[in-house]
Amino acid sequence: MTSSSAAPLRAVGLTVVRGPATVLDSVDLAVASGHRVGLIGPNGVGKTTLLRAMAGLQPLERGTVHRTPLTATVGYLPQEPLRSPDETVTELLTRRTGVRDATVELDAATAALATGEPRADDRYAEALDLWLELGGADLDARLGKVLDDLGLARRLLDQPTTSLSGGEAARVGLAALLLSRFQVFLLDEPTNDLDLDGLDRLERWITGLSAGVVLVSHDRTFLARTVTHVVELDEFTHRVSTYAGGWQAYLDEREAARRHAWERFEQYDTQRRGLAHRAQREREWASQGVAKVRRSDESDKHVRHHKIVQTEQLAGRAARTERAMERLETADKPREPWQLRLTVGSPGRSGDVVARLTGVVVDRGPFRLGPIDLFVGAGERIALRGANGSGKSTLLDAMRGRADVAAGDVYLGPSVVIGEVEQARTRLHGAASLLRAFQDSTGLDAEDARTLLAKFGLVADHVVRPTETLSPGERTRASLALLMANGANVLVLDEPTNHLDLPAIEQLEAALDSFEGTLLLVTHDRTLLEHVRLTRTLEMDAGQIVVDRPSS
């Protein structure tokens with residue numbers, strides 16, 4: 001990382017405070033052209049706040065953000081882009097590429113030039129330069145090609161963004177990136193909901209940029225393939241540590257730093273304990289010596305003086321030992337971050353037949369699923385794979401009875417108890433507080449519900465807030481808490497790692513490995529697929545199961 005003033009974007013001493021809590025504390029971060037910075041840290045630590053601050057969208061307690069030159073363009077891609085019935089896909093793309101605002105300013109500058117306003121020619125020149133730099137001149141020409149490459153129909157351009165499917169929305173978000181021409185990109189979870197093809201395109205685009213990039217992602221494969229630097233935001237100090245050399249270099253350096261920190265602490269603690277024990281022993285001996293001298297009937301004053309001197313020497317040695325303790329170089333005990341401890345209890349084995357779909361057809365607008373024939377037996381661990389829009393979530397909805405079946409039959413075993421994390425994370429979404437919604441879903445009393453939510457890092461103000469105000473990561477952890485509360489012998493997980501931090505993903509992997517029931521997993525997290533034990537893989541395309549094979 002560079003601290004050079006030539007970096008297009010520099011944050012100096014950024015401090016953000018919310019109520020009594022410090023979110024960012026004197027954070028410095030410089031983003032040089034060509035640097036691809038992975039910004040990591042646990043959910044809720046302030047990664048999005050830092051991106052927003054660097055984009056000029058977050059009020060600061062202290063600190064400044066510098067752009068070099070002042071006209072340097074910075075594009076911010078939020079984690080959950082707002083979809084509005086009043087905004088078409090074209091309007092979204094022009095807004096997120098910065099071309100919309102640049103066009104508004106260019107039109108205003110043109111009008112000022114026509115009316116002869118002071119400095120109108122300078123304003124017009126600056127506005128035109130910005131519009132050209134952001135790609136306004138050829139955006140329409142590039143738009144069609146990018147949509148074609150991503151398999152998006154051009155008819156979508158005039159549709160409201162709320163009409164898009166999840167897969168279409170993910171690809172439109174990717175299109176906004178591919179069309180953008182900023183000097184610095186700030187990307188918050190850009191991999192969420194992208195299929196493998198989309199991930200590959202995103203990786204190639206990012207690694208081909210000459211611009212500076214700061215990205216938040218919990219996709220370990222994506223980070224390993226793209227970043228040149230890692231910046232870790234510490235949950236205790238609220239400051240950042242920077243690691244150069246890419247993802248693996250970060251992992252190695254972080255592990256070495258943790259090991260050395262524990263070694264320093266253990267060495268310090270051993271020395272301190274040893275000196276403290278020695279000083280205590282010397283003081284006890286000195287006290288015992290004084291008592292013996294006082295009780296002694298020794299009449300020889302020389303012998304008595306010798307014993308007093310010995311006692312004083314012991315007391316002096318104790319004092320010297322205590323001074324040696326004070327001179328020790330202090331090493332604080334390393335602080336361990338909170339860790340999710342996830343286990344999924346089972347209410348008992350399901351019957352041999354978990355689900356059977358026979359000739360199932362589901363129609364959702366222009367999309368048709370099926371006909372599908374599928375048998376899921378007890379204990380199977382199945383990965384559903386396929387591009388966005390291939391029908392994976394629709395298939396799970398049909399199996400769960402949440403989709404209107406136009407033809408065919410769906411049978412779910414009578415002893416099946418399903419636990420799920422659905423892609424939209426809507427089970428606890430609404431106006432009610434998280435605590436109330438969680439109690440309604442689990443039947444737990446308030447105390448037990450609070451205790452369980454706390455195990456997932458949802459404490460204090462989290463549980464009394466309306467669920468609709470929770471962050472995506474907090475909603476995902478609440479969904480995992482439901483799994484633990486209710487138990488299941490069948491897990492249906494649709495993109496469960498979206499919005500989860502890295503430690504939580506690792507805990508999820510461990511929980512899935514120990515789960516003895518049936519698993520149905522939809523994910524584009526390539527590392528998760530490598531780490532989770534699977535027995536079968538289904539590949540879907542255009543509403544059909546095109547491959548059904550045992551997993552190696």
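E189 is buried, at 6% relative accessibility (buried, under 20% relative accessible area; exposed, over 50%; partly exposed, in between; 1.4 Å probe, protein chains only). The model is predicted: local features need pLDDT of at least 70, side-chain atom pairs count only at pLDDT 80 or more, and totals for chains, interfaces and linings use all residues. Residues are numbered from 1 along each chain as its sequence is written, and side-chain values use heavy atoms, leaving out hydrogens and water.

E189 sits in the loop between β6 (184-188) and α7 (196-207) (helices, DSSP runs of H or I with at least four residues; strands, runs of E with at least two; both numbered from the N terminus). Its phi is positive, near 55 degrees, in a residue other than glycine. S26 also has a positive phi near 55 degrees. S26 belongs to strand β2 (residues 21-31) and is partly exposed, with a relative accessible area of 30%.

Two cis peptide bonds are described next. One runs from T68 to P69, with omega near -5 degrees. P69 lies in the loop between β4 (62-67) and β5 (74-77). Another joins G370 and P371, with omega about 5 degrees. P371 is placed in strand β11 (residues 367-377).

Four aromatic pairs occur in the structure (rings of Phe, Tyr and Trp, the latter by its six-membered ring, with centres within 6.5 Å; planes under 30 degrees apart are stacked, over 60 edge-to-face, the rest tilted). The F182 and F185 ring centres are 5.5 Å apart and the planes meet at 80 degrees, so this pair is edge-to-face. Both residues, F182 and F185, are buried. Ring pairs link F182, F185 and W205 into a cluster. For W247 and Y250, the centres are 5.2 Å apart and the planes at 40 degrees, so the pair is tilted.
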